[in-house]
Amino acid sequence: MANKIPTRIYLTEEEMPKFWYNLRADMKNKPEPMLHPGTLQPVTAADLGPVFCKGVIDQELDETTRLIPIPEDIQDFYRAYRPSALIRAYYLEKMLGTPAEIYYKFEGSNTSGSHKLNSAGPQAYYAKKEGLTSLTTETGAGQWGTAMAMSCAFYGLDLTVYMVKVSSEQKPYRKALIEAYGANLIPSPSNTTESGKKILESDPNTGGSLGCAISEAIETAVKTDKCRYVLGSVLNHVLLHQSIIGLETKTALDKFGIKPDIIIGCAGGGSNMGGLMAPFMGEKLTGKSNARFIAVEPASCPSFTRGRFAYDFGDTAKTTPLIKMMTIGNGYIPSANHAGGLRYHGMNSTLSKLFQDGLLEARAEVQTNVFDAAIKFMKTEGILPAPESSHAIKVAIDEALECKKTGEKKVILFGLSGTGFFDMTAYQSYNNKTMNDQTPSDADLQRGFASIPGIPQNS
Ligand SMILES: *Cc1c(COP(=O)(O)O)cnc(C)c1O
């Protein structure tokens with residue numbers, strides 16, 4: 001077919017982004033500042049200094065610089081596995097019989113298996129540059145732990161990973177991979193920290209949560225010399241690094257004059273969605289596009305669709321700064337769900353603000369429907385998707401079928417944030433029909449909301 005858009009659109013080295021894009025710079029209504037939990041004043045670089053590397057603190061607090069240069073060294077790091085492919089879903093479109101054009105950006109072809117490496121590399125780079133010798137972090141499904149283990153091996157840093165206990169049991173190969181890259185992996189909650197011990201005392205059988213693991217990792221970072229903590233999602237510097245996804249996508253689509261009408265991503269803490277949508281949302285904010293944006297979350301952890309917009313802690317032990325975000329409460333422990341990477345109680349503050357302002361939509365999906373979509377996708381497109389990413393596939397398919405009804409030829413773009421090769425337990429439970437679609441009752445959510453601190457919430 002003449003002028004057919006290639007199935008895979010890649011960028012040349014010259015076309016690769018040299019800057020990250022800071023979406024906050026183009027937002028008239030900025031996300032609310034993080035607050036110091038003691039003083040309730042906006043946090044300063046000095047407040048964050050004991051926990052985070054300086055390089056990322058500067059980025060976290062910068063809401064005015066639009067384009068932030070990607071250091072040469074990180075451009076080199078990216079060259080090892082980027083650009084990722086932007087793929088036209090011809091086979092899926094055909095199977096659905098939709099007039100819509102569907103594109104997806106596949107972030108799962110590096111060994112860590114997801115987009116997480118886009119921020120892990122920069123975070124390890126800044127730590128090394130600042131003379132630190134070790135880092136701590138948490139991991140839910142294991143993608144972030146793997147990405148950090150790879151990055152610390154690359155830059156020569158020690159790493160301790162607190163892995164949510166249920167995930168470390170569900171995903172033994174993740175654990176093996178993280179350890180093979182040389183990191184020290186501890187299932188969380190553990191008795192290696194005060195916060196872990198406290199959680200174990202109150203609930204000895206808990207499978208853990210990202211909130212608990214974060215508390216443990218921060219505690220260890222603060223107590224250890226030349227050590228800092230790194231976070232794989234939720235914070236704005238992580239979204240900044242992930243803007244590489246959207247920038248590559250936009251350059252690739254621009255080459256063919258394609259403008260997406262609907263942009264879809266799964267959202268745990270919001271980093272892959274935030275990164276994919278950034279330049280497109282920037283166009284919307286500046287009146288150059290009228291695209292729709294849809295974040296998809298699991299029905300078992302519905303921070304957008306059933307949460308509150310409130311100042312909340314980022315962790316269960318209530319040690320982090322307060323973040324104004326869509327949250328179901330730092331004390332909320334979601335039921336065991338196979339989308340491990342989407343089990344966080346809160347949502348990035350920028351995405352939360354855009355959601356409040358009606359610029360970003362959200363949907364919640366139950367697991368079996370998500371896996372039905374994953375199977376349709378892998379049978380047609382050939383790629384085994386991560387359970388997290390399959391939330392985006394589900395809604396992309398729904399939107400494409402809507403176009404089939406209306407006959408509209410919309411352009412749908414979604415983020416395929418990772419591969420499902422380490423999630424075969426989840427696929428097994430789907431195959432055996434033992435997967436459940438448990439969603440929290442209002443009473444369950446009430447218990448989570450009760451953990452949101454009672455500070456003045458001014459909007
Ligand atoms: C971690 C992860 C997510 C969720 O995190 P976000 O910060 O919301 O992007 C989604 N997909 C995959 C494959 C992940 O590893």
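Residues are numbered from 1 along each chain as its sequence is written, and side-chain values use heavy atoms, with hydrogens and water left out. Because the model is predicted, local features need pLDDT of at least 70 and side-chain atom pairs count only at pLDDT 80 or more, whereas totals for chains, interfaces and linings use all residues.

The shell around the ligand holds 19 residues, of which K116, S233, G268, N272 and S417 come nearest; a residue is near a molecule if one of its heavy atoms lies within 4 Å of it. By class, this shell has four nonpolar, 13 polar and two charged residues. In this classification Ala, Val, Leu, Ile, Met, Phe, Trp, Tyr, Cys and Pro count as nonpolar, Asp, Glu, Lys and Arg as charged, and the others, Gly among them, as polar. Two helices, α12 (271–285) and α15 (387–406), each supply at least two residues of the shell. Helices (H or I, at least four residues) and strands (E, at least two) are DSSP runs, numbered from the N terminus.

A polar side-chain atom of S233 lies 2.5 Å from a ligand oxygen atom. For G268, a backbone N or O atom is 2.6 Å from an oxygen atom of the ligand, and for G270 the corresponding distance from a backbone N or O atom to a ligand oxygen is 2.8 Å. The protein covers 98% of the 380 Å² of accessible area that the ligand has on its own, with areas taken from the Shrake-Rupley method with a 1.4 Å probe; for residues, only the protein chains shown count as cover.

Across the whole structure, nine cavities of 30 Å³ or more are found. A cavity is a set of points, on a 1 Å grid over the protein atoms alone, where a 1.4 Å probe fits but cannot get out, and its lining residues have an atom within 4 Å of a point. Grid points are joined across faces, edges and corners, and a volume is the space filled by probe spheres set on the points.

The largest cavity has a volume of about 350 Å³. Of its 34 lining residues, K116, L210, S233, G269 and G341 are the closest to its centre. The ligand sits in this cavity, in the sense that more than half of its atoms lie within 2 Å of the grid points. The elements β6 (134–139), α6 (143–155), α10 (210–223), α12 and α15 each supply at least two lining residues. The lining comprises 11 nonpolar, 20 polar and three charged residues.

The second largest cavity has a volume of about 100 Å³. Its lining includes Y21, R24, G274 and T350. Both α11 (236–255) and α12 give two or more residues to this lining, and α11 provides the largest share, four residues.

Most residues other than glycine have a negative phi, and most peptide bonds are trans. The R82 to P83 peptide bond is cis, with omega near 0°; P83 is in the loop between α3 (72–79) and β4 (85–88). The bond from S188 to P189 is also cis, with omega near 5°, and P189 is in the loop between β8 (184–188) and α9 (194–202). K226, although not a glycine, has a positive phi of about 50° and is placed in the loop between α10 and β9 (227–229).

Key: Polar contact = N/O pair within 3.5 Å; in protein donor to acceptor, adjacent residues only side chain to side chain. 1 Å grid on protein atoms, 1.4 Å probe; cavity = no way out; pocket = protein on both sides within 12 Å on 5 of 7 lines; lining within 4 Å.
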